[in-house]
Every structure is written in C-alpha cells, then in structure tokens.
Amino acid sequence: MFGLSPRCRAGLSALVVLTGQLAANAVPASDFGLGRAHPTGQVAQGWELAQAEDDHAAHHPAASGSSGGAAGAPPGGATPGMMGGMDGMMGRPRKEFYPALMEMPSLSAEQRSSLEAQARERISTEADRLAAAEMDLRHAIAGGDVVAADRASRRLRESLNAVQSGVVALHSLHEGKPPQQIAQAWFKSQMNLLPQRGAMDGDDGAPGISWFHVTTMALLVLFSLAMLAVYIARMRRANALVDRLTRAVAPAAAAPLVSTPAANVSDAKPEASVPRETDRQPQRGGASRSWKGRLRICAIYRETPNVKTFRLQAPDGGAIPFAFLPGQFLTYAIEIDGKVVRRSYTIASSAAQTAYVETTIKREDDGLLSDYMHGHLKEGDLIEVTGPSGAFTFTGVEADSVVLIGGGVGITPLMAAIRYLSDIAWPGQIYLVYGAQTTEQFIFRDELEYLQRRMNNLHVAATMVRAAGTSWMGSEGQITAEFLTRAVPDLVKRRVHLCGPPGMMEALRKTLVGLGVPREQIKTEAFGPARGAVPPPGKVAAEAQMPATESGNPAAATVGPATATIRFATSDKVVALPPDKSVLEVAESAGVSIDYSCRVGVCGVCKTHLLQGNVTMEVQDALTADDKTNGLILACQARSVGDLVVEA
C-alpha cells in the first residue's frame, strides 16, 4: 500500500481501522470531510486548537496520549475541521485525521490555498523557534550547562520536525496530489522513510539511481582506467631508463681510471674512414651487448659546409632499442652499387636522450659512404645499424674533472660527453680545447656558446689555424703547450681525452707528457686509417694480389714467388696476401664474408680462427687471453708476410 513495507502497511491498516472506529463513535463522519458547511473560522479554530494540543503534548506526552485515546477529539469538545487535521499532519498528528484524509476524494482550489497559507505560517513560526533553540544550545554549550543543552537540542528536533512536515505538505500541494498521497508523504517523513522514485518522481527502471549518476560513474571509471594506463606506461618507461642507465654506468664504474676505446669516422677512403685508439685496457664482452636492426632518418642538420648531423629514431617512433655510453659508435651498412659498405661513426647525441640518436659525419672527397650519405640519404629513409661499440667513453664516474681536446670532426665523441654531462647536471669541471682550420669549419660553435652560458662548469677554448679575413677574435694557430696551460689550470691533475687526426694526436700526446701529465691519464682516439704493423718493404720482393680461384682447388691460384698467400678454409679460396693489407681487406676483395663493425680492433666482431701461420696486429684490444690461447685473431688488424690459413 503506497510503496510501504509489509510491516508498515500492516501497522497503518490497523491504525486506520482503530481510528476509524473511534472517529465513528466520537465525531460524525461529516466532520472529517471537506463539506461546504465548514467556515473559515472553524478552520482557523481547528488549527489553533491542534497547535495548542501539540505544544501541550510535547511537554506532557502521557496526558496527550490519554486524552487522544479516550475521546479522539480535541479538548473542550471543539469539533476539528479540515485544517485541524492538517495541523496534525504538520505537527503531532491527530489520529482521526488519517482515515478522514484517506477517504477524502479530492481537495478544492480554495481548500488547497488555505492549507498552503497555514502551512507557510507554521513553517515561519517553527523556523523562528528553531533559530531560538539553536542560540540557546550555543549558550548552553559555551556555559557548560549540559541539562540546558539537552533541552535545547530537543526543541531543535521538535521544531525541525514541524518544519519538515509543513514542507512535505507544501510539496504535495504544489504537485496537486490527492489527499491519500499527501497523508502517505507525511507519514513517510515522520517514519524517516525515503520516498520511492516510482511513486514520487517517476521510475526510470533503476530505483534510487538517475542517468546522471550512471553517466558520472562511467566517466569516473574511464578516467581511472586512463590514469592507470598512464601510470603503467610511465613505470615501464622509468624501468627501461633505469635499466639502460644501470647497464650503461656499470662498465664505466668498474674501472673509473682505466683508459677506454671508442670510434668515429672521417672516411677519407672506403677502408680508411675509421678511428684508431691506443692506451686502452681490453674490454670483455663488448660485442655481446651489440644491437642490429634498422633505424629511420627523422632529421638531417647541416653543421658546416661539409659536415651533417643525421638524427635516427626507431621506425615506430618509440625509444631507441639500445643503450650506449658517451663516446661509443655505430656501424652503418648501406648497399652502394650492388655492394654492402660498412663504416663506423661516433654517436654525438647525449646518452641520456632515448628518443633518438645522432651521428655527425664529415663528407670526405674520397669517402665512399660519407659521400653517399651526404648526397643520397633523406629524411624517412631506413638504414641498417649495428652497435653500439667502443669504449672511448666518459660518464662522469671516471674522474672529478676532465679535459677534452679535439680537432676537426674529432669533436663528436667529446660533444657527446658534454651533452650527457649537461643532461645529468654533473658538477665536475669540464675543459674543452678545440682546434679547427677555419671558423667556417668550427663544428657545434653555436651550441657550445649556448651551453657555456648555461653551464658554469664548462670552459671552452678554441683556436683557428687560419682566421685572417674573418671576425674571429680568439686564438690563432695550432694547439700548443702555452695554449693548453693558459686554457686549463692544474692540467697535470686532470684526466685528458684526445680525439683527432693521427698526426695531431701524436704531437699533443708528447706535449702533454712534456707538461707533466701522467701517461695513464691520457686517453686517445685518432681518426684515419687503421694501419697495421707491417714488415719493412725490403722483406717483400713484390706486392701482387691474385684473383681468387673459383675452381675449388687451392693450387689453382697463381701467386708470385715473393708474395704470401692466404687460404680461407671454409670458402676453400686462395688469394694473394700483400703485406700492407689486412686479412679482412683481402677477404672482401676475394668475396669471402667476414663480419665486422669498427675495423679498428675494438669491437671484436671480426674475430676468426688462425689455422696456420703467424700474424701481427697493431691493435688487439678486443682479444682476451683465452681468445689468444685459442688462436683467434682480429681480421681487421691481422697482417703477415708469410702464408696463412684462416677459418672463413
């Protein structure tokens, strides 16, 4: 009945029956109706009597209960009108009002207007009482009078209940509901029962839940899922970065004062565009961490008239698929005229940058790969890359200060270190000493000026060999001992990295030693041909390279009497071995495949077994003691004046 629970419906029905019987015995049924015989004065009188009874019952509930139960009518024999019953609805209800109100067919417009006026007056009166009770409660609490506070709180509840009943009546009247629903709404408000949406506001199929709630909850769920996805993605990137940095710093931290190799390329000739390092300790397992795959050229920058920077990123646009150290190099493999050409170039970008990797390459007149890259490659092209390799690195853990000395394109590994140290906010002092032919060939000039303004610990000293006719106001000439001591205070106490052409490196190395810099503090990387240790020309009567035989018979190759030969056991080919050619160079000429990367004896990719004969190797840092015991050689470095047999 009216959306109530079974227990409430049973109680209400019993109350209806009981009050109906009492009303039938005490008051004529017409008194409970809304007949036209009730004048306005009777309505007002009923309201005042009910209000007086409510006030009296609030202080004497027992007396009120006995009076109402015995007679079912107000004291003094006054006959309650419709407003007296409504007063019961707004305050303490008169029991006979419920059956009368539920039996009323309807309310006229005049009756509804009168009820609304009386309800508003009652709400206003009770609101004033509510404010007075609140003030009394505040004073009682402030004065510590618990008894007075309890009385005031009870008055608050009674006044609030009266205000609520009046509001419920107004709400029901404004909605034009019949008397039965008005009684039901008031009864629910007194019993603290929430109204059902189906009865009061219309049911949308989801009791107590609106479309606004559903939409809001859905948006919150979607937002939570999105934030969770972002969090997971960030954690993955953070873990990947930590892993990269851990793997990158660990090798350098293991031996902070040991000189390490690296690589770069200024390829003057197809086979000579590689770096050469000296004074290094062997690096074990360097090739095992190498990555091989394709990267996409996303940007090309012109640094000087003959130097360009190629920026590479993963084809899918994500992070580059390998970690590297400042000063390591990459090996590019590009097919030119039907032949795959490989060259190695130092990484110039910061090792802290994971979105891309950059190599800065000088275009040489006779450089096969550098000329092709400058003239043919464009943004969007894919290029095969192997690396990183090399150990001519500086990460900041090797020393508390560093001196970087470079010439020409040899600045690239030094620039990689400067960029990385800037990114990690390294606190040590950085001294860059750089020499170039002219100001037009000063690579990274603008960026170095910018970094020097931002980094208080970066000091740049540059000199131009030829500066006549330009606006250059700095030093001119070669890098000399006087220039070094003037540019770098306490030079003998600092770690030094050298990188440039071989002649420049040899001269500066002697200069540094002469200034008192310990040899173990000088780490060098020279650009140019990786020349091996070859015997004097007098020991070889002639240099003749014979073509490889395709007959499968090693004896079929004709070799000059004073020229050594090399037999590739796996390929079963025999060719001439000139004393100034490495095993790798001869293998390439004969069409024998030997993998390689750096061509300077650093990466170890070209390791192969020497089955017969003896070789000399100028650089063999990639070979461990076990490699040498097992007969492994570096094909890019191995040379000989005698016959050889290798497994290739």
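Strand S4 and strand S7, residues 382-389, run antiparallel and are joined by four bridges. Strands here, like helices, are DSSP runs numbered from the N terminus: E over at least two residues for strands, H or I over at least four for helices. Two strands pair if DSSP finds at least two bridges between them. Within this pair, Ala333 has Glu384 in S7 as its bridge partner.

A word on the basis. This is a predicted model, where local features need pLDDT of at least 70, side-chain atom pairs count only at pLDDT 80 or more, and totals for chains, interfaces and linings use all residues. Residues are numbered from 1 along each chain as its sequence is written, and side-chain values use heavy atoms, with hydrogens and water left out.

Now the other partner of S4. S4 pairs with strand S5, residues 339-346, in the antiparallel sense over eight bridges. Thr331 has Ser344 in S5 as its bridge partner. The two strands make a hairpin, with two residues between them. Asp337 sits in that turn, and its phi is positive, about 55 degrees.

Buried means under 20% relative accessible area, exposed means over 50%, and partly exposed lies in between, with a 1.4 Å probe and protein chains only.

Step back to the sheet. Six strands form an open sheet, ordered S5-S4-S7-S2-S3-S6, with antiparallel pairing. S5 and strand S6, 357-362, are the edge strands, each pairing on one side only. On average, neighbouring strands in this sheet are turned by 40 degrees against each other, direction ignored. For angles, axes are lines fitted to C-alpha atoms, for helices over the stretch in contact, and values run from 0 to 180 degrees between N-to-C directions.

Strand S2, residues 291-304, runs antiparallel to S7, and six bridges join them. Here Arg294 stands opposite Glu384 in S7. Then a helix comes in. Helix H12, residues 368-375, packs on the sheet and touches strand S3 (307-313), S4, S5, S6 and S7. Its direction makes about 80 degrees with that of S4. Contact means heavy atoms within 4.5 Å.

The peptide bond from Gly387 to Pro388 is cis, with omega near 0 degrees.

Next, two loops. Which backbone angle stands out at Ala425? Its phi is positive, about 55 degrees, although Ala425 is not a glycine. Ala425 lies in the loop between helix H13 (411-423) and strand S9 (429-436). At 61% relative accessibility, it counts as exposed. Asp490 also has a positive phi, near 50 degrees, and is a residue other than glycine. Its loop runs between helix H15 (481-487) and strand S12 (495-500). At 46% relative accessibility, Asp490 counts as partly exposed.

Arg419 is buried, with a relative accessible area of 11%. What does Arg419 contact, leaving aside its neighbours within four places in sequence? The list is Ala348, Ser349, Ser350, Glu358, Phe444 and Glu447.

Now a helix pair. Helix H7, residues 109-143, packs against helix H8, residues 146-174, at an angle of about 160 degrees, with the axes 8 Å apart. That makes H7 roughly antiparallel to H8. The cut-offs: under 35 degrees is roughly parallel, over 145 roughly antiparallel, 65 to 115 roughly perpendicular, and the rest oblique. The residues of the H7 contact with H8 divide into 20 nonpolar, four polar and nine charged. Nonpolar covers Ala, Val, Leu, Ile, Met, Phe, Trp, Tyr, Cys and Pro; charged covers Asp, Glu, Lys and Arg; the others, Gly among them, are polar.

Ser113 is in H7. At 46% relative accessibility, Ser113 counts as partly exposed. Its C-alpha atom is 8.8 Å from that of Leu173, 60 residues apart along the chain.

Last, the totals. The protein has 18 helices and 18 strands. Of its 648 residues, 45% are buried. Among contacts with a separation of 6 or more, 70% are between residues 24 or more positions apart.
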